[in-house]
Amino acid sequence: MSMEKERIIEIEKQCLSEIRIGVDKTFQQIFIFQWILVISISLWRSPLTWIGETPFINPHLSFSVFFGGLIVFIPIFLIKKNPGTELSMYLVTFCQALFSMMIIHVSGGRIESHFHVFGSLAFLVSYRSYNVIIFSSLLIAIGHLVMGTYSPIDLYGSQDISSWRTVEHVAWIVFEDIFLFSILKNKMLFMKRIAFHQDLTEQTLLRVEDLVIARTAELEESQIKIMEQQQSLMQASKLSSLGEMAAGVAHEINNPLAIIHATTKYMRKKITGDTVERTFVEENLEVIEKTVKRISTIVLGLKNVSRDGDMEISSECKFGDIINDVIGVCEERFRNEQICVTIKDLRENPDQVSRFNRVQLSQVLLNLLGNSFDAIMILEEKWMKIEISEEDHLLIVKVIDSGKTICPEIEKKIFQPFFTSKGIGKGTGLGLSISKGILNRLDGDLYLDKKCKNTCFVIQLPISLTEAA
Amino acid sequence: MLECSNDLMKYLTELSFLKKTILCSWFFIGLISTGYLYLFITTPGKQSQIQYWPQKSKIAVSQDKPTLVIFFHPKCVCSKASFDELSLLLKEVHAPLSVKLVFIRYHNKTEDWHKTDLYQRASAVKGSEVLNDMDGLSAKLLGASTSGIAFLINHERKIVFQGGLTPARGNMGRTPASAFIINWVNTKAKTVTPFLSKVFGCEL
C-alpha cells in the first residue's frame, strides 16, 4: 500500500474516532434522559402495588430505577473512561436496544412506543458503522422474537397477536435499515473525500514548507553575499572618500610641516648669528611641539576613520570625541574653502561617556560632511552646523549645511544605492545607503529633515542601546 | 464486519479479570431483574376453590338471570384494564345479566382513600351495581384474593366461571374468559362445568 493511501486511511480512522467519541458523549446524555423517561412512565402508570391496605412499590418502578440504572451506568462509566472504542460503541448499541424494549414494556406495549426503535437506529447511524446497525437490528429482532413468543402482551399491548406481527415489525426494521445503509454509504463516501482532501492539503503544506526552507536558505545565502558585497562597497566608498580627502589631508599635514620647517630654519639662522636667548628657543620649540601635536591629531583621526568598522567592538567614549576625529580630518579642507563649521551640543551633559561603534559612526559623519562639502563648495554662503541633542532616550545628531533643501525627486532616491547627484567620477552613490545601513544595524536611523529650509540630515541613535552595547 | 468483530473480541479478552467480572455481573443482574419482572407480570393470583355461591354472602345473586360479580381493590391500577375489558364485554352481551362491582373497604381508611378513579369509573358502568365489602369479608368467604377476580353465577348459585378478564397485569386484550362469558350469557347455556381463568392484580 502506498504512503498516500496509508495516510488517507489513517485520517479516516482518526476522523471516525473523533466522531465516535462525540456520539458516545451524546449517548451519555440520551441514556440519562431515557432513564428519567422510563422512570416517569412507570410513575405515571402505576407507582404502587397493593396487598390489602399496604402499599408496595410497583416492581415496574423498581425495574425502571434499578435495571434502567444498570443500563445507564455501565456505558456511561465506560464512555467516560474510554470513549470512542469498539466496546463502548457496541455496549451503547446493546443498551439502547434494551432501552427500546424497556420503554415498550413499561408503556404497556403501546404501539407508539415502538417508534423508539426507529429513532434509536437513526441515532446509531451517527457511529458510521454498518455493523452497529446490523447488531442493533439483530438485537431488536431477537427481542421481538423472544417477547413476541413468551410475552406478546408486553410487546404489543395485547395477547391476541399473530406471530406474523413479529415478522412485520422486523420487516419494518429491515426497511429502515435499507434507508440507513444508503445514508451511511453517503456519509462514509463524504468522509473518504474529506480524508483525501486533508491528505492533499497536508502534502501541499509539506511541499510548501520544504520550499520555504529551501528559499529561506537561499535568502540567507543571498543576504550573506549582499552583506559581503556591502562591506566591500563600504570599503570602496571609504577609500573613495579618503581619496577625495587625500588632497586636503596632504595640505592639512603640509601646512604644519611648513611651519616646522620655517621655525627650524629661523632658529638655525639665529643660532649661527647671535647669541640665542633661552626664551627665544623655548618659544620656538613650543611652536614646533604644537604643530607636531596637530599633525599627530590629523593622523590619529585618519587612522580612526579608515579602520574596518565591522571588526570594531563598541567602546566607551564621548560622542564629542568622534566629532573631533572627523573634524580633525576635514578641518583644513573646509578652511581652504572658507567653510565655517559650528558644533552645537544641546545635551544636558555633553561629557557623558557612552558605548559607541566609534569607527562606523565616524564613517557616517565623514560621509555626511563630505557630501555637504561637495554641495556647498560652489555656493556663496558656505557653512556647516552639527547639532547634538537628546530626545526620548534617543541621541539626535543633525548635520546641516547652507545648501537648499533637497528637491522631492532626488529625495525619493537619495538613500538608494548607486544614486548620486554629483558629477561623473565624483561619487560612488553608495555613501548614504551604506550610512543608513550602518545606523539601521545599530538600531538607529538616518533620514532627511524635510522641515528644515536648508539641507539637514538627521542621525538617530538609541541611547539605551548605545549605553548597553 | 469480521475485522470489527475481531477487534471487539480482542478488546473483550484484553479486559482485566475485575472488569470482566463487573461486565458479566451487570449482564446477569439485568437478566435476573428482567426475569423477576416477568414473573411479577405473569404470575397469577390464587384461585378460589368454591363451587357454589355461599348462602351467607351479603352479596345477593339474581334468581332469574346470571350474575357477574367482580371484586376490586380501590387502589389497584392494574384493575383499570379489567374495567376496560368489562366495558367491551358488556357491549357484546345482549341477554340479561346482573353485574355487581364489589370494592373492598377497609374500616381504618377514610372515605377519600376509597374514592379513587377506579371507584368513580365503576359508578359510571351502565347497568351495574357498585357494592362495598367491608374489610373484604365477602371476598374471604369466597376465597377471592386478587383484585379483578370475576365470578359468573347461574340462577342456581353455581359458579360457572371464575378468574380474571385480562391476559396480564394492567394489559387489555381479548381472552378466552371474556369470550366464554359473552357466549355463556348470550346463549343462555346450561353448562355447569366451571371455567377457570388466571387472574392478575393486587392482593385484596
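Colleague: In which helix of chain A is confidence lowest, and in which is it highest?

Modeller: The model is a predicted one. In chain A, confidence is lowest in helix H13 (residues 463-468), at a mean of 51, and highest in helix H4 (residues 115-124), at 94. Over residues 465-469 of chain A the pLDDT is below 50. Beyond near neighbours in sequence, that stretch has 10 contacts in the model.

Colleague: How should a stretch with low pLDDT be read?

Modeller: Where pLDDT is low, the predicted coordinates should not be read in detail.

Colleague: What are the averages for chain A and for chain B?

Modeller: Chain A has an average pLDDT of 84, and 90% of its residues score at least 70. For chain B the average pLDDT is 84, with 95% of the residues scoring at least 70. The scores for the model are ipTM 0.76 and pTM 0.59.

Colleague: Turning to helix H1 of chain A, what span should its 43 residues have?

Modeller: At 1.5 Å a residue, H1(A) should span 63 Å, and because its end C-alpha atoms are 61 Å apart, the two values agree.

Colleague: Which residues of H1(A) are buried?

Modeller: The buried residues of H1(A) are Ile8(A), Arg20(A), Val23(A), Asp24(A), Phe27(A), Phe31(A), Gln34(A), Trp35(A), Val38(A), Ile41(A) and Ser42(A).

Colleague: And where does Cys15(A) lie?

Modeller: Cys15(A) belongs to helix H1 of chain A, which covers residues 3-45. Cys15(A) is partly exposed, because 16 other C-beta atoms lie within 10 Å, and a residue needs 20 or more to be buried.

Colleague: What is Cys15(A) in contact with, leaving aside its neighbours within four places in sequence?

Modeller: On that basis Cys15(A) is in contact with Met191(A), Ile194(A) and Ala195(A). Ile194(A) is 179 residues from Cys15(A) along the chain, yet their C-alpha atoms are separated by 9.2 Å.

Colleague: On to the contact between the chains: how many residues does each one give?

Modeller: Chain A contributes 28 residues and chain B contributes 35 residues. On the side of chain A that touches chain B, the elements giving two or more residues are strand S1 (48-51), helix H2 (59-81), helix H3 (86-106), helix H5 (130-150) and helix H6 (152-156). The largest share of that side, six residues, is from H2(A).

Colleague: What about the division into nonpolar, polar and charged on that side?

Modeller: The residues on the side of chain A that touches chain B comprise 12 nonpolar, 11 polar and five charged.

Colleague: How many residues are in the largest nonpolar core?

Modeller: That core has 89 residues, and those with the most contacts inside it are Ile70(B), Phe71(B), Phe72(B), Leu152(B) and Ile181(B). The element that gives the most to this core is H3(A), with 12 residues. Apart from it lies another core of 33 residues, including Phe334(A), Leu361(A), Ile400(A) and Leu430(A).

Colleague: Which residues is Phe71(B) in contact with, again leaving aside neighbours within four places in sequence?

Modeller: Phe71(B) is in contact with Val102(B), Ile104(B), Ala139(B), Ala144(B), Ser147(B), Ile149(B) and Leu204(B).

Colleague: How many helices and strands does chain B have?

Modeller: Chain B has seven helices and six strands, and along the sequence their pattern is α-α-β-α-β-α-α-β-α-β-β-α-β. Of its 204 residues, 39% count as buried. Among contacts in chain B between residues at least 6 apart in sequence, 81% join residues at least 24 apart.

Colleague: In what order do the strands of the chain B sheet come?

Modeller: Six strands of chain B form an open sheet in the order S3-S2-S1-S4-S5-S6, with mixed pairing. Its edge strands are S3 (128-134) and S6 (195-196), each of which pairs on one side only. Strand S2 (residues 98-105) of chain B runs parallel to S3(B), joined by seven bridges. Arg105(B) has Met134(B) in S3(B) as its bridge partner.

Colleague: Back in chain A, in what sense do S6(A) and S7(A) pair?

Modeller: Strands S6 (residues 383-391) and S7 (residues 394-404) of chain A pair in the antiparallel sense over eight bridges, and Ile386(A) stands opposite Val399(A) in S7(A). The two strands form a hairpin with two residues between them, and Asp392(A) in the turn has a positive phi of about 50°.

Colleague: Which residue stands opposite Asp401(A) in S9(A)?

Modeller: That residue is Thr455(A). S7(A) and strand S9 (residues 454-462) of chain A pair in the antiparallel sense over nine bridges.

Key: Residues numbered from 1 in each chain as written. Chains lettered and ligands numbered in written order. Predicted model: local features only at pLDDT ≥ 70, side-chain atom pairs only at ≥ 80, totals over all residues. Helix = DSSP H or I, 4+ residues; strand = E, 2+ residues; numbered from the N terminus. Buried ≥ 20, exposed ≤ 12 C-beta atoms within 10 Å, placed from the backbone. Contact = placed C-beta atoms within 7 Å. Nonpolar A, V, L, I, M, F, W, Y, C, P; charged D, E, K, R; others polar. Core = buried A, V, L, I, M, F, W, Y, C linked by C-beta atoms within 7 Å. Pairing = 2+ DSSP bridges. pLDDT = per-residue confidence, 0-100. Expected span 1.5 Å × (residues − 1).
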